[in-house]
Amino acid sequence: MPDPADATALKREHHEIDCAIEVFVEAVELGYAQPEALTAALDTLRRHIYVEEVFLFPPIRQAGMVMPILVMLREHGELWHTMDTLKDLLADGEDLRRLAKTCRQLLAQLDRHNSKEEPVVYPHADVDLPPQTTTELARFIESGRAPDGWVCQHASG
Ligand SMILES: [Fe+2]
Ligand SMILES: [Fe+2]
């Protein structure tokens with residue numbers, strides 16, 4: 001059975017975020033950094049998490065998938081924490097080794113997270129979402145931005 005359209009778009013975003021971070025970290029390890037490339041990837045990841053927590057997860061949780069969604073939210077909190085560390089390291093601009101190491105840590109966290117989210121949560125994207133939410137979600141993936149100052153539900157955890 002083909003994936004729901006929203007799931008396809010979200011999976012594509014997983015892949016694009018991973019690729020952008022990998023390209024960045026390889027460049028850093030070769031001795032040059034393009035901070036704006038990482039900043040753009042982190043902005044996309046923040047928006048991706050926003051879309052999931054605001055549009056995708058609530059109806060799926062209401063349909064009964066309470067524990068899997070809780071696990072996803074907790075892992076978003078861990079991703080958020082690592083992104084905050086990366087933001088500080090980018091602003092500091094000094095410690096490229098630690099920057100590369102922290103990027104690799106984020107990639108490993110994303111791998112663990114996405115490898116559960118894609119088979120467990122995303123297949124519910126068309127079954128459990130009201131049509132209006134699906135439309136909003138698709139539009140948001142195309143062009144939206146997380147509101148300034150928005151943090152994920154488990155950001156401090
Ligand atoms: Fe997620
Ligand atoms: Fe995701």
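Helices are DSSP runs of at least four residues, numbered from the N terminus. In this predicted model, helix α2 spans residues 35-62, and its residues His48 and Glu52 stand 4 residues apart, which means about one helical turn separates them. Both residues are among the protein donors of the iron ion (ligand 2). The structure also holds 5 salt bridges, some of which are described below.

**Iron site**
- A distance of 3.3 Å separates the iron ion (ligand 2) from the iron ion (ligand 1), and Glu52 coordinates both.
- His48 and Glu52 are both buried.

- Glu13 and Arg47 form a salt bridge in which the closest N and O atoms are 2.2 Å apart.
- Glu13 belongs to helix α1 (residues 5-29) and Arg47 to helix α2, so their pairing ties together parts 34 residues apart in sequence.
- Both Glu13 and Arg47 are buried.
- Glu29 forms a salt bridge with Arg104, with 3.0 Å between the closest N and O atoms.
- This pair links Glu29 in helix α1 to Arg104 in helix α4 (residues 96-121), 75 residues apart.
- Glu29 is partly exposed, at 45% relative accessible area, and Arg104 is partly exposed at 37%.

- The side chains of Arg46 and Asp43 meet in a salt bridge of 3.2 Å, N to O.
- These residues are 3 apart in helix α2, so about one helical turn separates them.
- Arg46 counts as buried at 16% relative accessibility, whereas Asp43 is partly exposed at 39%.

Conventions
Residues are numbered from 1 along each chain as its sequence is written. Chains are lettered from A and ligands numbered from 1 in the order in which they are written. This is a predicted model: local features need pLDDT of at least 70, side-chain atom pairs count only at pLDDT 80 or more; totals for chains, interfaces and linings use all residues. Side-chain values use heavy atoms; hydrogens and water are left out. Donors are N, O and S atoms within 2.8 Å of the metal (3.2 Å for Na, K and Ca); water is not among the atoms, so sites may look incomplete. Helices (H or I, at least four residues) and strands (E, at least two) are DSSP runs, numbered from the N terminus. Buried means under 20% relative accessible area, exposed over 50%, partly exposed in between (1.4 Å probe, protein chains only). A salt bridge is a side-chain nitrogen of Lys or Arg within 4 Å of a carboxyl oxygen of Asp or Glu.
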